[in-house]
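Colleague: Please go through the terms you use for this model. For each one I would like to hear what makes it apply.

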Amino acid sequence: MNIFLIGFMGSGKTSVGWRLSQRLGYYFLDMDQQIEKEERCKISQLFKEKGESFFRQLETQLLSRLVSLQNTVVSTGGGIVTTEGNLEIMKRIGKVVYLKLSPEAVYQRLKYDTSRPLLQTENVEEQIRALLEKRESLYAQANSIVGVQDRSVNQITSQIIHSLGSASSVEKL
Ligand code: S3P
């Protein structure tokens, strides 16, 4: 089995993914890190030099290469769901888990962040709200929804393991 972690920037996909892979004895793949490695370039730089649509193409190309993956936890970039077809690919390869966080909590976590190109704007709080509103219905198509607010990485990891026990589990924030 493979597990894809989706969710907004700052929801903890990378740290939870790593911990989850350790707990399950699975491999771990972080898509953003993989893209940076393959392109030998930071994502912020890629956005600046080649634009968001180029990055989205790289994301989908990488995803398409993961079809033969086994026993792997994959942490995705927050915008992966915005490209049509990506959710379907992830669901074909594994179980998709949405790490859900409120816009207020995202703002508190990322207000001073400089590594996310989409948040380098004047009104960061408004941008988070607008992006999350656009994406929420896409994230909600996950096999399982896990609230991550006020929870430790270990607690969230246990919740994911528990939620995957039941086929389609929706655990509200
Ligand atoms: C993005 C999220 C980022 C990264 C890129 C775009 C997004 O990943 O892929 O900056 O569109 O939400 P994280 O969710 O790991 O921050």
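This is a predicted model: local features need pLDDT of at least 70, side-chain atom pairs count only at pLDDT 80 or more; totals for chains, interfaces and linings use all residues.

Colleague: What makes a space a pocket and not a cavity?

Modeller: Both are sets of points on a 1 Å grid over the protein atoms alone; in a cavity a 1.4 Å probe fits but cannot get out, whereas a pocket is an open set with protein on both sides within 12 Å along at least five of seven lines. A residue counts as lining if it has an atom within 4 Å of a point. The largest pocket has a volume of about 540 Å³, that is, the space filled by probe spheres set on points joined across faces, edges and corners. It is lined by 29 residues, and Met9, Asp32, Ile43, Gly77 and Arg116 are the closest to its centre.

Colleague: How do the residues of that lining divide by class?

Modeller: There are seven nonpolar, 13 polar and nine charged residues. Nonpolar covers Ala, Val, Leu, Ile, Met, Phe, Trp, Tyr, Cys and Pro; charged covers Asp, Glu, Lys and Arg; the others, Gly among them, are polar.

Colleague: Why are H2 and H4 called roughly perpendicular?

Modeller: The axes of H2 (residues 31-39) and H4 (residues 52-64) come within 11 Å and cross at roughly 105°. Each axis is a line fitted to C-alpha atoms over the stretch in contact, and the angle, from 0 to 180 degrees, is taken between N-to-C directions. Under 35 degrees is roughly parallel, over 145 roughly antiparallel, 65 to 115 roughly perpendicular, and the rest oblique. H2 and H4 are therefore roughly perpendicular to each other.

Colleague: Which residues of H2 and H4 meet?

Modeller: From H2 they are Met31, Asp32, Gln34, Ile35, Glu38 and Glu39, and from H4 they are Phe54, Phe55, Leu58, Glu59, Leu62 and Leu63. Contact means heavy atoms within 4.5 Å. By class, this contact has seven nonpolar, one polar and four charged residues.

Colleague: What makes H3 oblique to H4?

Modeller: Their axes come within 7 Å and cross at roughly 125°. That angle makes H3 oblique to H4. Ile43, Leu46, Phe47 and Lys50 in H3 meet Glu52, Phe54, Phe55, Arg56 and Leu58 in H4. The classes here are six nonpolar, no polar and three charged residues.

Colleague: Why does arginine 40 count as exposed?

Modeller: Buried means under 20% relative accessible area, exposed over 50%, and partly exposed in between, with a 1.4 Å probe and protein chains only. Arginine 40 has 78% relative accessibility, so it counts as exposed. Its place is in the loop between H2 and H3, and its phi is positive, about 50°, although it is not a glycine.

Colleague: What is the phi of aspartate 150, and how do you know that this residue is exposed?

Modeller: Aspartate 150 has a positive phi of about 55°, again without being a glycine. At 75% relative accessibility, aspartate 150 counts as exposed. The residue is found in the loop between strand E5 (144-147) and helix H8 (153-165).

Colleague: Why is glutamate 38 called partly exposed?

Modeller: Its relative accessibility is 36%, and therefore glutamate 38 is partly exposed. Glutamate 38 lies in helix H2. Not counting residues up to four places away in sequence, glutamate 38 touches Leu62 and Arg65.

Colleague: What makes proline 117 partly exposed, and which residues is it in contact with?

Modeller: With a relative accessible area of 26%, proline 117 is partly exposed. Proline 117 is found in the loop between helix H6 (103-110) and helix H7 (124-139). Leaving aside neighbours within four places in sequence, proline 117 is in contact with Ile43, Ser44 and Phe47.

Definitions and conventions
Residues are numbered from 1 along each chain as its sequence is written. Side-chain values use heavy atoms; hydrogens and water are left out. Helices (H or I, at least four residues) and strands (E, at least two) are DSSP runs, numbered from the N terminus.
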